[in-house]
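Good morning. Please look at the structure on the screen while I talk through a few of its parts.

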Amino acid sequence: MLPPGVDDWERSAIAFLLDCCPADFRGYPVLRRHPVVLAQFAAQVVEAQVRASEEGLARARLSLRDQVEPQVVEEAVRTWREELVRLRTIRDGIGLVDDALRGMAFVPRL
């Protein structure tokens, strides 16, 4: 995604946000025309995925222990953890894009 302020950054932000949403969201004109609205939708979708992944991780050992080998359970747990890291990173990115779309400037902190 392009950084805010450069040519076509908003178009790249829209593409990023749409990629965070279900494919059907591409068919809603309001989301394509209003990036701030799209950012809100994307934030809600990804937050729901984070919650679902947290729940999946919390239940994985108990729900799978009688279904698969112990090493498969541990592999599933690792997969949930990796997915949570990925989703939380995306959630943070959506927040930064939303801020930029609203005119807020990113200020790095040490």
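Predicted model: local features only at pLDDT ≥ 70, side-chain atom pairs only at ≥ 80, totals over all residues.

Start with helix α3, residues 35-64, and helix α4, residues 70-101. They pack at an angle of about 165 degrees, and their axes are 9 Å apart. An angle over 145 degrees counts as roughly antiparallel, so that is the term for α3 and α4. The crossing of α3 past α4 is left-handed. What kinds of residues make up this contact? There are 20 nonpolar residues, four polar ones and nine charged ones.

Which residues of α4 are buried? The list is V73, V77, L84, L87, I90, I94, V97, D98, A100 and L101. When you read those numbers, remember that an α-helix has 3.6 residues a turn, so residues three or four places apart point the same way. The buried residues of α4 pack against α1 and α3. After α4 comes G103, with a positive phi near 90 degrees.

Last, the loop residue. Y28 sits in the loop between α1, residues 9-19, and α2, residues 29-33. Y28 and L38 are ten residues apart along the chain, and their C-alpha atoms are separated by 9.7 Å.

That is the end of my part.

How values were computed
Residues numbered from 1 in each chain as written. Heavy atoms only, no water. Axes fitted to C-alpha atoms, helices over the stretch in contact; angles between N-to-C directions. Helix = DSSP H or I, 4+ residues; strand = E, 2+ residues; numbered from the N terminus. Parallel < 35°, antiparallel > 145°, perpendicular 65-115°, else oblique. Left-handed = near helix turned anticlockwise from the far one by under 90°. Nonpolar A, V, L, I, M, F, W, Y, C, P; charged D, E, K, R; others polar. Buried < 20%, exposed > 50% of the residue type's maximum accessible area, 1.4 Å probe, protein only. Contact = heavy atoms within 4.5 Å.
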